[in-house]
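Opening the notebook on a new model today.

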Amino acid sequence: MKIIADTNTFLAVTLYEPERDNIIELTLGHDLIAPDILPFEIGNALSAMYKRHRLNNDELLSVWDATQQIPVDLRSVDIREALKIALQFNIYAYDAYFLICAISLHSPLITLDRRMIEVAHSLGIHIMEVV
């Protein structure tokens with residue numbers, strides 16, 4: 001099965017967050033897919049963590065390297081359609097890219113973002129619940 005994986009799931013796994021084991025269990029043996037902006041989003045999130053003193057230089061680079069070891073198929077998305085979703089639900093375009101990816105591939109979404117889950121439900125996207 002193809003699963004659309006949000007940026008926060010990659011970070012939760014590589015940062016050993018409490019949801020890590022459940023995310024791995026839910027995705028094991030499946031193909032992960034994400035919009036082609038994923039590496040940029042990961043880089044941005046890591047730099048924000050560094051600025052907030054959550055990660056030091058070595059940790060930031062180590063987490064980056066770990067995220068790059070997770071196999072994921074990066075896909076281009078229809079930005080215009082994603083922007084329609086962003087406008088309709090008043091969400092960031094970056095979140096809408098993941099949603100439009102799930103819609104276009106008829107695939108479930110795995111995310112830790114509560115608002116994204118709400119919007120996905122409204123759009124008829126199946127959510128893989130992380131506990």
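I looked up the buried residues of helix 2 (residues 20-27) and got Arg20, Asn22, Ile23 and Thr27. Buried here means under 20% relative accessible area, exposed over 50%, partly exposed in between, with a 1.4 Å probe and protein chains only. Helices are DSSP runs of H or I with at least four residues, strands are E runs of at least two, and both are numbered from the N terminus.

Note on provenance: this is a predicted model, where local features need pLDDT of at least 70, side-chain atom pairs count only at pLDDT 80 or more, and totals for chains, interfaces and linings use all residues. Residues are numbered from 1 along each chain as its sequence is written, and side-chain values use heavy atoms, with hydrogens and water left out.

Next I looked down the axis of helix 2: its buried residues fall within an arc of 170 degrees, so they line one face of the helix. The arc is that of the directions from the helix axis to the C-beta atoms. On the face turned away from that buried side I found the exposed residues Asp21 and Glu25.

What do the buried residues of helix 2 pack against? I get strand 1 (2-5), helix 1 (7-14), strand 2 (31-35) and strand 4 (109-110), with contact meaning heavy atoms within 4.5 Å. Just after helix 2, I noted Gly29 with a positive phi of about 85 degrees.

Stepping back, I count seven helices and four strands in the protein chain, in the order β-α-α-β-α-α-β-α-α-β-α. Buried residues make up 44% of its 131 residues.
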